[in-house]
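Dear colleague,

I am handing over the structure below, and my notes on it follow. Please read them with the model open beside you.

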Amino acid sequence: MIDLFKGLGAKYFAAAVFSIVIMNSSSVYGADSNDDKKCDDALTEAASPASDENAVAAESKTAATPKGKASKAKKTSVPSAASSAYARLLKERGEDAMEAWTLEDFFSENPDENIALAHPFTIANAAEKAYAMLNHVPAVKAKDPMYGLKDVMVYPVVTGHPLGGGRMVVGNEEAVDALVNFLGSLARGDRSGKAFGFPGPAGTGKTELLYVIDNVEKNLAKTEPQFKQFSYRWKNLNEIPILQHMFKFDRTTGKPISKWIDPDMPRSPFTLLRQDMKEELADSLIPKIRRKWGMTISKGWLKAEPKSRAIIRAILQHKYPEIAQGLMNENDLTREEYISAISEFMVIVPKSTVQNKVEPQIIRAQGEDPNFEALFARPNLMRQAFYSGGEMGDLAVDYSGQVFQQDGGLLMLDELYRNPESLLNILLEVKQNRMVQTDYGDPVEVDIVPIWNSNDEKTPEVQKY
């Protein structure tokens with residue numbers, strides 16, 4: 001555990017951990033509509049094609065998009081910095097830009113046509129992504145802006161930068177630097193701590209920092225290819241008999257109302273690959289990502305979300321009945337056989353297409369009767385009769401709570417120690433081990449960086465942890 005008492009020294013926090021308040025909303029750049037427009041204009045300019053290669057990419061996106069879908073392709077297509085090689089790839093495949101990448105592209109030897117090398121966030125874990133974003137604009141050493149008495153590290157993206165939507169955290173440079181160093185230790189694979197604590201009084205920027213980072217994530221994904229994130233959508237699963245109970249059907253036509261099913265946790269398509277493939281690719285691609293992008297990445301994230309694991313099993317058993325009969329297992333399949341089977345029922349899409357989160361998930365202190373289903377998971381009563389228990393049991397659970405929706409990012413546990421003990425025990429397991437135990441199955445490992453805060457740094461629980 002790292003907290004700000006230990007990380008920054010007791011003397012600095014003799015009166016309070018955050019002794020300088022953050023600017024209020026009326027003073028923050030980007031708080032009014034005119035300033036919002038300035039930020040949007042700046043981002044639009046940064047995202048505009050600035051070279052012949054980008055112009056080719058933009059032209060190919062339009063050419064590859066079916067009539068009537070131009071606006072959709074423009075919204076969800078590759079970033080402006082896409083290479084001409086990728087532009088040619090789109091044109092050759094003749095597909096909607098949203099569907100241009102495939103699982104096979106993780107194996108491409110061409111750096112311009114390998115999705116992980118073009119967009120390394122498809123492999124990175126939450127800590128690696130956060131550390132890269134906060135350091136996208138290099139930190140500078142300066143005298144503290146309040147008193148000018150000591151040197152501090154200032155991170156521009158959290159001090160009113162357009163990437164942060166103009167929001168800022170000021171006067172707590174040492175605290176921000178401590179958080180960045182903690183994220184860096186996780187990104188490097190060090191075991192220096194499990195969670196980060198922000199004890200201190202209200203109104204000093206503890207939760208504001210999370211909003212700034214959330215804005216940085218969204219805006220970098222629009223302008224820089226290395227920060228663009230992808231997920232996936234399942235399609236036509238109704239063709240698999242065992243999965244038909246997941247759909248609602250039109251009574252008139254007998255067809256499913258929608259052919260799409262989105263993952264509960266919008267993880268990378270990389271997680272859909274077989275374990276041996278992921279491990280082999282990670283060993284090969286991570287050093288290349290470091291060299292190409294200068295990104296601090298050590299482990300990445302390999303695990304598929306629970307419902308997608310069950311869907312993969314159903315697909316493979318459908319395509320290869322020998323697996324369902326126990327005569328072979330998925331490891332007996334060649335790479336081509338495995339990828340072909342999975343790819344038939346999924347497409348790769350920008351993460352924003354399937355992500356329900358509209359703002360940072362801050363888990364507020366709950367009352368004496370917490371809503372566990374809103375926080376974690378709930379049973380899907382319609383599916384329970386068909387999938388309860390067994391290897392398909394996860395299909396009967398909706399992992400749609402606040403904690404799971406923040407998978408792949410930072411999770412703020414606000415006023416952690418003011419929660420009732422029944423909830424506190426679960427949140428401590430999340431904080432310490434990244435594991436969520438629900439009432440509906442096995443514990444689920446989540447890709448998050450837990451950050452907790454407390455307004456009263458003198459409570460026994462804060463001093464203990």
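Setting aside its neighbours within four places in sequence, H136 is in contact (heavy atoms within 4.5 Å) with L163, L220, E224, Q226 and F227. H136 is found in the loop between helix 7 (126–134) and strand 2 (140–143), where helices (H or I, at least four residues) and strands (E, at least two) are DSSP runs numbered from the N terminus. With a relative accessible area of 27%, H136 is partly exposed, that is, between buried (under 20%) and exposed (over 50%), using a 1.4 Å probe and protein chains only.

This is a predicted model, in which local features need pLDDT of at least 70 and side-chain atom pairs count only at pLDDT 80 or more, while totals for chains, interfaces and linings use all residues. Residues are numbered from 1 along each chain as its sequence is written, and side-chain values use heavy atoms, with hydrogens and water left out.

A search of the whole structure finds eight aromatic pairs, a pair being rings of Phe, Tyr or Trp (its six-membered ring) with centres within 6.5 Å, called stacked under 30 degrees between planes, edge-to-face over 60 and tilted otherwise. Among them, Y399 and F404 are edge-to-face, at 5.3 Å centre to centre and 85 degrees between the planes, and both residues are buried. The ring centres of Y417 and W452 lie 5.5 Å apart with the planes at 80 degrees, so this pair is edge-to-face too. Because Y417 lies in the loop between strand 11 (409–413) and helix 18 (421–433) and W452 in strand 14 (residues 448–454), the pair ties together parts 35 residues apart in sequence.

With regards
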